[in-house]
Amino acid sequence: MRCVFGKSIRSLVFDLDGTLYACPEIGTQIERAAVLLIAENHGLSQAHARRVLQDARRMLAETPGELPPLSRTCLELGLDLRDFVRVLEEKAHPENYLQPDRDLEALLRFLQSRYGLYVYTNNGFFLARRILALLGVEDCFRHIYSLEFAWRPKPDAEALQSLLAEIGGLPDSFLFVGDRYHVDLREPANLGIAVFPVTDPGDLMQLPSLLGDTS
Ligand SMILES: [Mg+2]
């Protein structure tokens, strides 16, 4: 047994896309939705809107390679995040790609018996809930903190503070889990919160041993 994180952890906060599941096709659909929204709002062709989006993401990257999330980029391009959520719901079809993940469900049920589990995502609430339902893990979480929670996409220190206050507990009672360090984990790490970066949802299976839990 390998226990890396402190015994004081009570709440596990998971990113959704790329963390609880990996599906490039859904990522492509989400990006296409953002392109359509930019084209619609600025009266551009889709090809032009795609270039605008790509250029904006590159310009907003604080460090080369650390692209900002689509939601934040849309916000910076003057779009209404409510429209972003609406277009995501219309254009993303996770039901075409996802199916119940029994290993993930078993892991989350095990963790759920010991910790409060939460999702913190830049996705809209209904799309996030649909994805979790398709994976068969919808009822494992106490709450889904989606874009609607604060209308401030990750990474955002203020939204993070609101989330921590709502869940409650000292910084050492949290563990944040995510696939993009600069989006999901840097802000919590700055507060002294434990973080677990994953490159693949399969990495999540290490959590029980890292938390010092035996089955
Ligand atoms: Mg992610």
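Student: Contact here means C-beta atoms, placed from the backbone, within 7 Å. So which residues does Asp 172 touch, leaving aside neighbours within four places in sequence?

Tutor: Gly 6 and Ser 8. This is a predicted model: local features need pLDDT of at least 70, side-chain atom pairs count only at pLDDT 80 or more, and totals for chains, interfaces and linings use all residues. Numbering starts from 1 along each chain as its sequence is written.

Student: Where does Asp 172 sit?

Tutor: In the loop between α7 (157-167) and β4 (174-178). Helices (H or I, at least four residues) and strands (E, at least two) are DSSP runs, numbered from the N terminus.

Student: How far is Asp 172 from Ile 9, in sequence and in space?

Tutor: They are 163 residues apart in sequence. From C-alpha to C-alpha, Asp 172 and Ile 9 are 6.2 Å apart.

Student: Why is Asp 172 classed as partly exposed?

Tutor: Because 15 other C-beta atoms lie within 10 Å of Asp 172. The class sits between buried (20 or more) and exposed (12 or fewer).

Student: On to the sheet. What's the strand order?

Tutor: β3-β2-β1-β4-β5. The sheet is open, has 5 strands and pairs in parallel. Pairing takes at least two DSSP bridges between two strands.

Student: Which strands are at the edges?

Tutor: β3 (143-145) and β5 (194-197). Each of these pairs on one side only. Ignoring direction, neighbouring strands are turned by 25° against each other on average.

Student: How many bridges join β1 to β2?

Tutor: 4, between residues 11-14 of β1 and 116-120 of β2. Val 13 faces Tyr 118 of β2 there.

Student: And what does Tyr 118 stand opposite in β3?

Tutor: His 143. β2 and β3 run parallel, joined by 3 bridges.

Student: How many bridges for β4 and β5?

Tutor: 4, again with the strands running parallel. Leu 175 has Ala 194 of β5 as its bridge partner.

Student: Which helix packs on the sheet, touching β4 and β5?

Tutor: α8, residues 181-190. Its direction makes about 165° with that of β4. Angles run from 0 to 180 degrees between N-to-C directions, with axes fitted to C-alpha atoms, for helices over the stretch in contact.

Student: New topic. At what angle do α1 and α4 pack?

Tutor: About 130°, with axes 9 Å apart. α1 covers residues 24-42, and α4 covers 81-91.

Student: Which residues make that contact?

Tutor: From α1, Gln 29, Ile 30, Arg 32, Ala 33, Ala 34, Leu 36 and Leu 37. From α4, Asp 83, Phe 84, Val 87, Leu 88 and Lys 91.

Terms used:
Contact = placed C-beta atoms within 7 Å.
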